[in-house]
Amino acid sequence: MTARTIPARPEQDARPRPVPWRRMAWVTWRQHRIALAGLATLLGALAVYLWFTGLQIHHAYAAAAACHPASSAACQNALITFDTTDGNTAETIATLLQVVPALIGAFIGAPVLARELETGTFRYAWTLAFGRWRWTLAKLTLLAVVAAAAAGLFSLLVSWYFQPFFADGSRIPLDPTLFDLRGSAFAAWTLTAFAIGGLAGMLIRRVVPAIAATLAVYAGLAIATALYLQQHYMAPLLTGKLNVPAAAWIVSQWWTRGGIRLSQSATNDVFQSVIEKIAPVVHSRAQKVQVFTADVPQYLYQHGYQQWTSYQPGSRFWPFQWIEGGWLLALSALLIAATVWLVRRRAA
Amino acid sequence: MSMNVMEASGLGKRYGSIWALRECTLAVPAGYVTALVGPNGAGKSTLLNMAVGLTTPSAGGVTVLGGRPPGSAAALDGIAFVAQDTPLYKNLSAADLMHLTRNLTRGFDQPYAQTRLGELGIPLNRKAGRLSGGQQAQLALTLALARRPRLLVLDEPVAMLDPIARHDFMATVMTAMAADGVSVLLSSHVLAELERVAGYLILLARGQVRLAGRVEDLLATHRHANLEQLALAYLRETPVEVAK
């Protein structure tokens with residue numbers, strides 16, 4: 001066998017033009033089309049369900065709202081029936097829909113890198129001329145955009161579905177159980193779940209554990225946001241009046257006497273003693289509500305007590321949506337950047 | 001002939017407290033099939049993974065194709081790598097894999113790939129996972145050669161193959177070498193198949209280079225009749241590996 005010389009190549013080979021970004025489009029589609037079909041099936045099936053049950057809800061609400069005269073007992077009953085029966089269905093659906101972004105993140109985001117690392121195919125993909133950090137960035141970005149766009153479209157339908165419950169006032173605009181399903185938040189949460197999945201896949205390198213980790217981290221973040229973060233997006237308003245605006249999302253409430261805040265137990269003691277004074281015998285549930293929400297507070301206001309309420313007004317729905325969408329978008333970009341960085345300087 | 005396809009100086013890789021490779025200083029000249037020989041765990045895969053940029057060194061440095069950093073755009077462009085156990089996407093067909101590779105490389109020689117797969121009798125629409133081991137290896141090799149690389153890196157390419165598939169695989173490598181002048185760097189712990197093909201030898205044991213040079217020269221200097229005897233003589237000097 002004779003050794004052969006390597007033919008001289010032009011100098012530009014030392015710094016080759018990068019392979020165009022658009023080439024990743026077909027590759028991403030071909031490798032993830034089953035996952036994307038799964039996404040389309042999940043959202044499509046839910047959309048069909050929401051569409052048909054949503055039509056029923058809208059009809060039921062239209063019928064109850066058209067009732068005349070509106071103040072009559074029959075009409076009030078129709079609205080209450082609507083709120084309880086259809087409201088219960090809607091409540092269940094709202095809970096189920098909270099899981100959708102997590103599923104998308106876990107089953108589409110987590111395998112992107114975990115499967116390559118688990119099966120060893122990264123040794124093939126990452127030694128092609130496209131380059132591994134560009135491969136990672138292109139793939140994650142493409143899939144993230146597709147998932148977020150699909151979720152965004154889907155959440156338009158969700159917003160329409162729940163619309164009657166906002167129209168009849170049984171839900172406030174900032175209702176915490178529905179806030180993440182509407183506006184820009186649903187797409188943003190889906191994007192975040194996907195980005196968490198991508199990073200988990202890179203760190204854990206195995207598909208199933210990465211999926212589990214994605215679900216856990218997403219749940220933790222979503223719960224922490226709902227419990228501790230959302231109510232602080234903007235400084236709450238404060239009122240010392242008994243009548244808090246109807247659309248307000250109440251952050252906290254407390255009583256003062258002579259400017260000094262009462263503890264919860266002290267407040268309970270005061271209420272108890274006032275009830276014994278002004279309404280020692282309560283005959284019905286309706287009367288009990290009346291005593292608690294009107295009679296006792298009135299009495300207390302006349303005797304130097306005051307109730308304070310910090311709240312988020314309903315008009316802040318869109319500012320809150322943009323704040324939540326904004327920080328989730330920034331977090332997602334950061335997570336994807338971290339994933340790309342890890343791939344780029346990965347030491348196997 | 002002046003170019004070295006791989007140069008390493010003081011190259012080392014540590015996993016935890018264990019050095020998989022250490023103090024590796026080498027220059028692999030272009031124009032040869034270079035055989036990287038050593039027992040399992042000698043550091044062969046580690047060295048190759050660093051050469052193709054999948055692993056970063058813990059010590060020293062390595063360059064490829066005349067001074068390029070591994071993993072750089074210029075290096076990726078000129079090197080085709082077939083990893084151990086040919087990890088192809090098992091759920092993609094040969095045609096899809098061709099299309100994928102063409103999309104992610106420059107100058108992919110589609111006619112060559114199609115002709116070659118036709119000669120091999122590999123159906124284009126069959127998923128890679130349903131091909132035989134020999135066919136998968138040939139498919140991976142065909143995809144690598146269709147990139148028209150200047151250096152072909154093969155990690156244990158024939159370890160899992162039966163003798164006939166082994167022979168066919170090496171025949172494809174040798175044909176490409178003769179036709180295109182591609183340099184080949186392959187690792188193996190099976191010595192028999194290397195006898196006829198290797199022009200340059202690197203012997204690794206326990207993470208260190210024991211011997212490196214042109215096969216002709218090594219055989220002449222060390223007075224062994226063939227590569228196998230030569231390698232065994234050197235490996236026997238390190239009893240730990242023989243026990244394996």
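This is a predicted model: local features need pLDDT of at least 70, side-chain atom pairs count only at pLDDT 80 or more; totals for chains, interfaces and linings use all residues.
Residues are numbered from 1 along each chain as its sequence is written, and chains are lettered from A and ligands numbered from 1 in the order in which they are written.

Colleague: How many helices and strands does chain A have?

Modeller: Helices (H or I, at least four residues) and strands (E, at least two) are DSSP runs, numbered from the N terminus. On that basis, chain A has 11 helices and four strands.

Colleague: Are helix 1 and helix 5 of chain A roughly parallel or roughly antiparallel?

Modeller: Axes are lines fitted to C-alpha atoms, for helices over the stretch in contact, and angles run from 0 to 180 degrees between N-to-C directions. Helix 1 (residues 23-66) and helix 5 (residues 132-167) of chain A have axes 9 Å apart and an angle of about 5 degrees. Angles under 35 degrees count as roughly parallel, over 145 as roughly antiparallel, 65 to 115 as roughly perpendicular and the rest as oblique. Helix 1 of chain A and helix 5 of chain A are therefore roughly parallel.

Colleague: Which handedness does the crossing of helix 7 and helix 8 of chain A have?

Modeller: Helix 7 (residues 185-204) and helix 8 (residues 207-229) of chain A pack at about 140 degrees, with their axes 9 Å apart, which makes helix 7 of chain A oblique to helix 8 of chain A. A crossing is left-handed if the near helix is turned anticlockwise from the far one by less than a right angle, and right-handed if clockwise. For helix 7 of chain A passing helix 8 of chain A, the crossing is right-handed.

Colleague: Is A:R22 buried or exposed?

Modeller: A:R22 lies in the segment before helix 1 of chain A. A residue is buried if 20 or more other C-beta atoms, placed from the backbone, lie within 10 Å of its own, exposed if 12 or fewer, and partly exposed in between. With 9 other C-beta atoms within 10 Å, A:R22 is exposed.

Colleague: What percentage of the residues in chain B is buried?

Modeller: Chain B has nine helices and nine strands, and its C-alpha trace spans about 50 × 35 × 35 Å along the principal axes. Its radius of gyration of 18 Å agrees with the value near 18 Å for a compact globule of 244 residues. Of the 244 residues in chain B, the buried share is 49%.

Colleague: Which elements of chain B give two or more residues to the side that touches chain A?

Modeller: Two residues are in contact if their C-beta atoms, placed from the backbone, lie within 7 Å, and the contact takes 29 residues from chain A and 30 residues from chain B. The elements of chain B giving two or more residues to that side are helix 2 (73-78) and helix 3 (94-103).

Terms used:
The radius of gyration is taken over C-alpha atoms; the globule rule is 2.2 Å times the number of residues to the power 0.38.
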